[in-house]
Number of protein chains: 2
Amino acid sequence: MRILVVEDERLLAGALKRGLEAEGYAVDLAPDGRDGLWRAREQSYDAIVLDIMLPGMNGFQVCATLRREAIWTPILMLTAKDGEYDEAEALDTGADDYLSKPFSYVVLLAHLRALLRRGAGQRPAVIELDDLRLDPASRAVHRGDDPVNLTAREFGLLEYLMRHPGTVVSKTDLLEHVWDVGFDGDPNLVEVYIGYLRRKIDIPFDRHSIETVRGAGYRLTGSA
Amino acid sequence: MRILVVEDERLLAGALKRGLEAEGYAVDLAPDGRDGLWRAREQSYDAIVLDIMLPGMNGFQVCATLRREAIWTPILMLTAKDGEYDEAEALDTGADDYLSKPFSYVVLLAHLRALLRRGAGQRPAVIELDDLRLDPASRAVHRGDDPVNLTAREFGLLEYLMRHPGTVVSKTDLLEHVWDVGFDGDPNLVEVYIGYLRRKIDIPFDRHSIETVRGAGYRLTGSA
DNA sequence: ACCGGTGCTGAGACCCCGCTGAGCCGCTGA
DNA sequence: TCAGCGGCTCAGCGGGGTCTCAGCACCGGT
């Protein structure tokens, strides 16, 4: 865990460095806003402790600049005054948390821990098979760079196949999982939709990733 | 944006509910810890405002229980005393932020907004998608340089969509998060409001950023 | 080669989904 | 009190999606 402390008061900065290092963190110091901004850009920190009152460039500016550059390192702001709107402004410029001076060391630690705990958000898994990509979240399918437009039923069918790559899936399996359970319809329905799929993801690209296994079902080929 | 307020003091709870609803949030109230825990488990909230002093089960316990069950809804704790260790304990049991009573409504709002911003995975204060800008703080929306006038409901809808860009959001999702709890209304309502939105942010500018994904929901296109 | 079985495809009907305009209700401010 | 606005419901319409059906192609076994 690497932490950047941007603080111009020597005494406070030193105390923070020693304290945090005692907790096992690796700490970098920056004496002013410009240096802090530079370090935050160059290095990858797990969190930044950022004072507002700084020579040269104040904390708000540093924070806003970083966010504008799409750098999302968690930022803990140290507000000198405890005016309400100061705090609100800190959060609105993109800080993740703030502390009003004077603060106790225990509280700072707790805030930092909370900040570090909030890790990166998990992204829904995109399923890939060779150059075929399916994103369940955005319901988007791509063959290479070309987008493929699928209807709801076609998408459901392809998703099920892609979740069982390389294995033979029977038509009754598909009817049960892609269509409603206990669907007593004609297996021909599956054949029809397999046809639709092929005409959208295989034939235009001259592939044949959907194999038919006579008497058994279908198999989607390719490797993740 | 759906928010759960766990607070036993009737007056405060009511005031919060009314205030937040005026801002366009959908608000649920829970009068004690047990009820709050139950609701937080059952429903999907975008944030929880959690008092510590509660009958039956206190806020620490509720918070710790939720985290133990891997429910990561952002939690804003209301600490009655302003002892340092209270605050530290709040953060250490898994709360994301805290406020010491008494607090002002402005500050609460700022904290909540910051929390909601993080919940979606660390976004800047102003949400941008291509030339569409939405500022939660000032409740202003712009397409390019042109201001767009939205009603509260339209704004809530657009904000939720912009916090989930590129992903398909179902109508029931929207009903649950943009409208009130347990809203068992007609999904047509969503369609109507999508229509309103399109007539304000898309059609006049000859775009179509709100795509309908037949059988699944809607997707807001564009890149930050 | 013949023939039954299995899978593929084009055409078409039906129906549900989503969009829209009209209108009602409640609130608010003039 | 009334006009205006926002929120919501309702009914109708249009079109795209789902499904059925029949005919044809292909494959395997005798």
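Predicted model: local features only at pLDDT ≥ 70, side-chain atom pairs only at ≥ 80, totals over all residues.

Modeller: Gladly, and let me begin with a term: strands here are DSSP runs of E, at least two residues, numbered from the N terminus.

Biologist: What makes A:Arg139 buried or exposed?

Modeller: A residue is buried if 20 or more other C-beta atoms lie within 10 Å of its own. A:Arg139 has 20 such atoms, so it counts as buried. Its phi is positive, about 55°, although A:Arg139 is not a glycine.

Biologist: And why is A:Asp130 called partly exposed?

Modeller: Exposed means 12 or fewer neighbours and buried means 20 or more, with partly exposed in between. A:Asp130 has 14 C-beta neighbours inside 10 Å, so it is partly exposed. A:Asp130 sits in the loop between strand E6 (127–129) and strand E7 (132–135) of chain A. Its phi is positive too, near 55°, in a residue other than glycine.

Biologist: Moving to chain B, how do you know whether B:Leu134 is buried or exposed?

Modeller: B:Leu134 has 22 C-beta neighbours inside 10 Å, and the cut-off is 20 or more, so B:Leu134 is buried. It belongs to strand E7 (residues 132–135) of chain B. Beyond four places in sequence, B:Leu134 touches B:Val126, B:Ile127, B:Val141, B:Leu158, B:Glu159 and B:Met162. B:Glu159 is 25 residues from B:Leu134 in sequence, yet their C-alpha atoms are 7.3 Å apart.

Biologist: What span should helix H1 (residues 10–22) of chain B have, and how do you know that the model agrees?

Modeller: The expected span is 1.5 Å times one less than the number of residues. For the 13 residues of H1(B) that gives 18 Å, and the end C-alpha atoms are 18 Å apart, so the two agree. Just after H1(B), B:Gly24 has a positive phi of about 100°.

Biologist: Which residues touch the most other members of the largest nonpolar core?

Modeller: They are B:Ile3, B:Leu50 and B:Met77, in a core of 58 residues. Contacts of B:Leu50 beyond four places in sequence include B:Val6, B:Gly36, B:Val62, B:Ile75 and B:Met77. Another core, of 29 residues, lies apart from the largest one, and A:Leu4, A:Leu16, A:Ala47 and A:Phe60 are among its members.

Biologist: What makes a residue part of the surface near DNA strand D, and which are closest?

Modeller: The test is a C-beta atom within 6 Å of the strand. 22 residues surround DNA strand D, the closest being A:Thr151, A:Ala152, A:Arg153, B:Thr151 and B:Arg153. By class, this surface near DNA strand D has eight nonpolar, seven polar and seven charged residues.

Biologist: Which element gives the most to the surface near DNA strand C?

Modeller: That is H8(A), with six residues. There are 17 residues around DNA strand C, and A:Gly195, A:Thr212, B:Glu191, B:Gly195 and B:Thr212 come nearest. The surface near DNA strand C divides into four nonpolar, eight polar and five charged residues.

Biologist: Where is confidence lowest and highest among the elements of chain A?

Modeller: Helix H4 (residues 84–92) of chain A is lowest, at a mean of 62, and H8(A) is highest, at 94. The mean pLDDT of chain A is 81, with 84% of its residues at 70 or more. Over residues 119–124 of chain A, pLDDT stays under 50, and the model has three contacts beyond four places in sequence for them.

Technical notes:
Residues numbered from 1 in each chain as written. Chains lettered and ligands numbered in written order. Core = buried A, V, L, I, M, F, W, Y, C linked by C-beta atoms within 7 Å. Contact = placed C-beta atoms within 7 Å. Nonpolar A, V, L, I, M, F, W, Y, C, P; charged D, E, K, R; others polar. Helix = DSSP H or I, 4+ residues; strand = E, 2+ residues; numbered from the N terminus. pLDDT = per-residue confidence, 0-100.
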